[in-house]
Amino acid sequence: MIIIGEKLNGSIPSMAKAIAEKNEDYIRNMAQKQSEAGADFLDVCASVPEEQELEVLKWMIDLVQSVTDTPICIDSPSAKICAEAVQFCKNPGLINSVSGEGDKIATIFPVIANSKWECIALLSDDKGIPQTTERRIEIFHDIMQNAGEYKIAPNRLHIDPLIEMLCTSEDGIIRVINTIKKVKELYPEIHVTGGASNISFNLPARKYINRAFMILAINSGMDSAILDPLNKDMMGLLYATEALMGSDEYCINYINAFRDGLFGNP
């Protein structure tokens with residue numbers, strides 16, 4: 001499982017406070033803790049007005065890179081900001097994200113074409129979130145056609161099937177699972193990702209929904225997720241699920257992660 005650490009995001013109140021107060025120690029500490037917990041990428045999202053965003057992103061990325069070599073996941077609703085922020089990263093990382101909306105693909109794909117950068121791609125377009133699996137797969141085909149034109153290999157893409165709130169779209173989980181399965185059937189080497197906690201918004205005891213969803217999603221082919229790597233219960237579940245599915249030979253990753261304290265008793 002490819003873990004994209006979610007904690008350096010200005011939409012989280014504690015991180016928004018650290019950004020507003022220029023609390024460099026807090027940001028460096030959060031970056032370091034997520035790296036040590038096993039994150040493969042660190043999502044960095046400023047969540048400030050667009051006129052300030054590039055400057056704040058550079059500041060945050062510099063702080064992160066001062067304490068860890070874990071690749072950066074540049075996160076912004078603006079494709080232009082994402083493209084410009086690439087220059088601040090010492091090593092290739094992950095862009096979050098493109099979609100079929102507007103000129104996002106035309107802005108991002110040329111920038112990462114001849115590189116090792118990876119990219120999250122959402123299965124939505126100018127018409128919004130498709131309400132059928134078939135329409136999401138149509139958008140997926142369009143994304144892959146564009147990727148092929150820029151010679152971006154499938155294994156550099158992380159497809160987001162669009163995880164909707166369970167409480168407002170009970171059939172949404174079926175769409176997501178079917179979309180994951182179809183994407184992996186068409187391109188086995190591609191990655192499938194998503195925000196692990198999106199499914200449980202507005203529900204009580206959200207952790208149970210999140211964990212159950214991750215088991216279903218991994219079993220369907222999801223191999224990448226935006227989540228909190230400091231949550232040892234979730235991390236233990238991920239290692240256990242992979243071991244049970246036979247993707248962890250002799251349970252070596254599970255055993256090593258337990259020994260390293262990545263999950264288990266605090």
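This note goes through a predicted model point by point.

1. Ground rules. The model is predicted: local features need pLDDT of at least 70, side-chain atom pairs count only at pLDDT 80 or more, and totals for chains, interfaces and linings use all residues. Residues are numbered from 1 along each chain as its sequence is written, and side-chain values use heavy atoms, with hydrogens and water left out.

2. Helix 1 against helix 2. Helix 1 covers residues 13–20 and helix 2 covers residues 24–36. Helices (H or I, at least four residues) and strands (E, at least two) are DSSP runs, numbered from the N terminus. The two axes come within 8 Å and cross at roughly 135°. That makes helix 1 oblique to helix 2. Axes here are lines fitted to C-alpha atoms, for helices over the stretch in contact, with angles from 0 to 180 degrees between N-to-C directions. Angles under 35 degrees count as roughly parallel, over 145 as roughly antiparallel, 65 to 115 as roughly perpendicular, and the rest as oblique.

3. Residues at that crossing. Helix 1 brings Ser14, Met15, Ala18 and Ile19; helix 2 brings Tyr26, Ile27 and Met30. Contact means heavy atoms within 4.5 Å. By class, the contact of helix 1 with helix 2 has six nonpolar residues, one polar and no charged. In this scheme Ala, Val, Leu, Ile, Met, Phe, Trp, Tyr, Cys and Pro are nonpolar, Asp, Glu, Lys and Arg are charged, and the others, Gly among them, are polar.

4. Nonpolar cores. The largest nonpolar core holds 74 residues, and Ile74, Ile108, Phe109 and Met214 touch the most other members. Helix 3 gives the most to this core, with seven residues. Apart from it lies another core, of seven residues, among them Ile4, Phe41, Cys73 and Ile120. A nonpolar core is a set of buried Ala, Val, Leu, Ile, Met, Phe, Trp, Tyr and Cys residues joined through side-chain atoms within 4.5 Å. Buried means under 20% relative accessible area, exposed over 50%, partly exposed in between (1.4 Å probe, protein chains only).

5. Methionine 214. Setting aside residues up to four places away in sequence, methionine 214 touches Met1, Ala196, Met222, Ala225, Met234, Leu237 and Leu238.

6. Valine 64. This residue sits in helix 3, residues 50–65. Valine 64 is buried, at 1% relative accessible area. Beyond four places in sequence, valine 64 touches Leu8, Ala31, Leu42, Val44 and Ile72. Phenylalanine 41 is 23 residues from valine 64 along the chain, and their C-alpha atoms are separated by 11 Å.

7. Helix 6, phenylalanine 140. Helix 6 spans residues 133–149 and contains phenylalanine 140. The relative accessible area of phenylalanine 140 is 0%, so the residue is buried. Not counting residues up to four places away, phenylalanine 140 touches Leu123, Ile159, Val183, Leu186, Tyr187 and Ile190. Proline 161 lies 21 residues from phenylalanine 140 in sequence and 9.2 Å in space, C-alpha to C-alpha.

8. Helix 6, isoleucine 137. Isoleucine 137 is also placed in helix 6. Isoleucine 137 has a relative accessible area of 8% and is therefore buried. Leaving aside neighbours within four places in sequence, isoleucine 137 is in contact with Thr179, Lys182, Val183 and Leu186. Threonine 179 is 42 residues from isoleucine 137 along the chain; the C-alpha atoms are separated by 7.0 Å.

9. Serine 224. Strand 8 (residues 224–227) holds serine 224. At 0% relative accessible area, serine 224 is buried. The side chain of serine 224 makes a polar contact of 2.9 Å with the side chain of threonine 193. Another, of 3.1 Å, joins the side chains of serine 224 and histidine 158. A polar contact is a pair of N or O atoms within 3.5 Å; within protein, one must be able to donate a hydrogen and the other to accept it, and residues adjacent in sequence count only if both atoms are side-chain atoms. Beyond four places in sequence, the contacts of serine 224 include Met1, Ile2, Ile4, Val192 and Gly194.

10. Backbone points to check. Asparagine 96 and serine 97 are joined by a cis peptide bond, with omega about 20°. Serine 97 is in strand 4, residues 94–100. Alanine 205 is not a glycine, yet has a positive phi of about 45°. Alanine 205 is in the loop between strand 7 (191–192) and helix 8 (206–220) and is partly exposed, at 48% relative accessibility. Tyrosine 250 also has a positive phi, near 55°. Tyrosine 250 is in the loop between helix 9 (232–244) and helix 10 (252–259) and is exposed, at 70% relative accessibility.
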